[in-house]
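Thanks for coming, everyone. I'll walk through a few side chains and what they touch. Have the structure open as we go.

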Amino acid sequence: MSGGRAGAGELQIAGLVPLSTVDWPGRLVATVFCQGCPWVCSYCHNREILDPTVPGRVPLAALLDLLRRRRGLLDGVVFSGGEATRQHALLPAAAEVRAAGFAVGLHTGGAHPARLEALLAAGLVDWVGFDVKAAPGDYAALVGRAGAAERAGTSLALLQASGVPHELRTTLIPALLPQLPALLEHLAGTGAGQLVLQRARADGAAPAVAAELAGVPDWPEVFAAAAAAARARGRELGIEVGVR
């Protein structure tokens with residue numbers, strides 16, 4: 001991890017997508033995949049960029065050059081991961097994107113509440129896609145780290161209090177379906193008003209997850225039924241449940 005006084009150029013960037021229509025709903029963005037993540041979610045599709053000791057492959061200068069060439073064509077930049085808030089350099093990098101005249105989006109699971117708080121307090125983020133991994137009691141098993149639920153809960157509370165527009169989303173694998181009602185009740189207790197459910201896919205997933213999905217041959221239909229039940233329960237709890 002970079003030091004507390006890290007400069008923007010120290011951001012470890014594993015990859016850069018010049019144009020995305022899906023990483024920030026309703027916006028055309030460039031997406032920056034930041035290297036490293038403290039969590040190892042079983043269904044992760046970016047496992048090759050989880051190791052924080054791997055240096056970045058794309059210099060920040062390449063992103064800034066892209067923004068100069070795409071002025072008027074792109075709405076903003078989304079910092080994704082990995083876990084973007086792992087790096088101190090995220091704050092100055094976001095500031096440079098802002099200074100270039102672009103909006104800043106963030107994908108995070110809330111693993112680093114203090115850095116998320118700093119971003120929010122500095123007004124450096126315009127939208128957040130927040131990954132709610134599981135109901136609190138299931139977090140540690142899913143992400144492989146003790147204390148993850150507490151960190152995510154603190155981050156979610158900070159985000160909700162900030163007033164920054166955001167989207168909550170949960171990726172579902174078959175093993176997580178039984179805890180979906182508990183997750184909805186937990187989110188209702190936080191005051192959340194919406195949740196987007198995402199169906200886990202085998203492409204790029206760990207072999208164990210790919211095998212789990214393959215073991216449910218009608219997985220798309222099973223997911224659709226679970227989403228319909230969650231939508232109905234969500235209406236009772238005041239949560240709008242969507243599907244992606």
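Contact here means heavy atoms within 4.5 Å. A188 sits in helix α6, residues 180-190. Helices are DSSP runs of H or I with at least four residues, strands are runs of E with at least two, and both are numbered from the N terminus. With a relative accessibility of 26%, A188 counts as partly exposed. The cut-offs: buried is under 20% relative accessible area, exposed is over 50%, and partly exposed is in between, with a 1.4 Å probe and protein chains only. From A188 to L159 it is 29 residues in sequence and 15 Å in space, C-alpha to C-alpha.

Before I go on, the ground rules. This is a predicted model, so to speak of local features we need pLDDT of at least 70, side-chain atom pairs count only at pLDDT 80 or more, and totals for chains, interfaces and linings use all residues. Residues are numbered from 1 along each chain as its sequence is written, and side-chain values use heavy atoms, with hydrogens and water left out.

How many residues does the largest nonpolar core have? It has 75, and those with the most contacts inside it are F79, L106, Y139, L187 and L197. A nonpolar core is a set of buried Ala, Val, Leu, Ile, Met, Phe, Trp, Tyr and Cys residues joined through side-chain atoms within 4.5 Å. Apart from it lies another core, of 5 residues, including W24, V78, A103 and W127. Back to L187. Setting aside neighbours within four places in sequence, L187 is in contact with V132, L156, L168, A192, L195 and I239.

V241 is next. V241 is found in strand β8. V241 has a relative accessible area of 6%, so V241 is buried. Not counting residues up to four places away in sequence, V241 touches L184, L195, L197, A230, R231 and G234. For a distance, take V241 and A206: they are 35 residues apart along the chain, and their C-alpha atoms are separated by 27 Å.

On to the rings. A pair of aromatic rings is described by the distance of the centres and the angle of the planes. Rings of Phe, Tyr and Trp (its six-membered ring) pair if their centres lie within 6.5 Å; planes under 30 degrees apart are stacked, over 60 edge-to-face, and the rest tilted. A search of the whole structure finds 3 aromatic pairs. One of them is W39 with Y139, edge-to-face, at 6.2 Å centre to centre and 75° between the planes. W39 is in the loop between β2 (29-34) and α1 (60-69), while Y139 is in helix α4 (residues 139-143), so this pair ties together parts that are 100 residues apart in sequence. Both W39 and Y139 are buried. W219 and F223 have ring centres 6.0 Å apart and planes at 65°, so that pair is edge-to-face. W219 and F223 lie in helix α8 (residues 219-237), 4 residues apart, about one turn of the helix. W219 and F223 are both buried.

Charges now. A salt bridge is a side-chain nitrogen of Lys or Arg within 4 Å of a carboxyl oxygen of Asp or Glu. The count comes to 8 salt bridges. Which residues are linked in a network? D131, E167, R169 and R244 are. Within it, R169 and E167 meet at 3.4 Å, N to O. E167 also bridges to R244, with the closest N and O atoms 2.8 Å apart. E167 is in strand β6 (residues 166-172) and R244 in the segment after β8 (240-243), so the pair ties together parts that are 77 residues apart in sequence. Buried or exposed? E167 is buried, with a relative accessible area of 10%. R244 is partly exposed, at 41%.

The side chains of R233 and E236 meet at 2.6 Å, N to O. R233 and E236 are 3 residues apart, about one helical turn. R233 is partly exposed at 28%, and E236 is exposed at 60%.

Last, Q12. Q12 lies in the segment before β1 (13-20). At 12% relative accessible area, Q12 is buried. A polar atom of the Q12 side chain lies 2.8 Å from the backbone oxygen of V54.

Note on methods:
Polar contact = N/O pair within 3.5 Å; in protein donor to acceptor, adjacent residues only side chain to side chain.
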